[in-house]
Amino acid sequence: MIVYHGSTSIIKTPDVNHSKRFLDFGQGFYVTSYRKQAERWARRKSLRNGNRPILNSFEMETCDLEKFIFLNLHDNLSAWLDFVCACRKGGSDYCKYDVISGPVADDDVFKTVDMFFRGLWDKEKTLSELRFSEPNDQYCFVSQEALTTILSFKDYKALDV
């Protein structure tokens, strides 16, 4: 399976230590199976740091996921909501896993999540209001061993701003 990482750098040898900690699934190396999603990430990062957006492509050996502790949050939005909020608060439960997968709490979705995060809505209300405008996904590689075993660099493409 081909997955993508949007950046302003060519990343032939990814590592789990260069991301921020307070992300959806904690600190790790993030990829998506949606090319357009990764291109948006690259362009957004480019706007912040002024460098050219780069789309990195990787081959992901999905059969190797079973060798690691893998948390799939795609089919359980209640668990996903709890997990994302815990990670955004600085929790470290993500460290129990090698790879975590689920939807993205992008800007539009996070407005809804934030209502729960701040205690303004209960979980039932929040889950009823969640709307993902486009299909999306993210895989967060938390352990370096899983990352180097499952992902291999394929190529990169410099994008227009």
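Two strands count as paired if DSSP finds at least two bridges between them, and the strands themselves, like the helices, are DSSP runs numbered from the N terminus, with at least two residues (E) for a strand and at least four (H or I) for a helix. The model described here is predicted, so that local features need pLDDT of at least 70 and side-chain atom pairs count only at pLDDT 80 or more, while totals for chains, interfaces and linings use all residues. Residues are numbered from 1 along each chain as its sequence is written, and side-chain values use heavy atoms, with hydrogens and water left out.

**The sheet**

Strands E1, E3 and E7 form an open sheet in that order, with antiparallel pairing; E1 and E7 are the edge strands, each of which pairs on one side only. Neighbouring strands are turned against each other by 25° on average, direction ignored, where axes are lines fitted to C-alpha atoms, for helices over the stretch in contact, and angles between N-to-C directions run from 0 to 180 degrees. Strand E3, residues 54-60, is mostly covered, since six of its seven residues are buried, a term that means under 20% relative accessible area with a 1.4 Å probe and protein chains only.

| Strand pair | Sense | Bridges |
|---|---|---|
| E1 and E3 | antiparallel | six |
| E3 and E7 | antiparallel | seven |

Within E3, serine 57 is the bridge partner of tyrosine 4, and isoleucine 54 is that of serine 7, whereas glutamate 59 stands opposite serine 152 in E7. Helix H1 lies across E1, E3 and E7 and runs at about 15° to E1, contact being heavy atoms within 4.5 Å.

**The largest pocket**

A pocket is an open set of points on a 1 Å grid over the protein atoms alone, with protein on both sides within 12 Å along at least five of seven lines, and its lining residues have an atom within 4 Å of a point. The largest pocket holds about 1200 Å³ of space, and among its 34 lining residues Gly6, Leu23, Trp41, Arg44 and Arg48 lie nearest its centre. Strand E1 (2-7), strand E2 (29-31), helix H1 (35-49) and helix H3 (107-117) each give two or more residues to this lining, and H1 gives the most, with six.

Terms used
1 Å grid on protein atoms, 1.4 Å probe; cavity = no way out; pocket = protein on both sides within 12 Å on 5 of 7 lines; lining within 4 Å. Points joined across faces, edges and corners; volume = space filled by probe spheres on them. Buried < 20%, exposed > 50% of the residue type's maximum accessible area, 1.4 Å probe, protein only.
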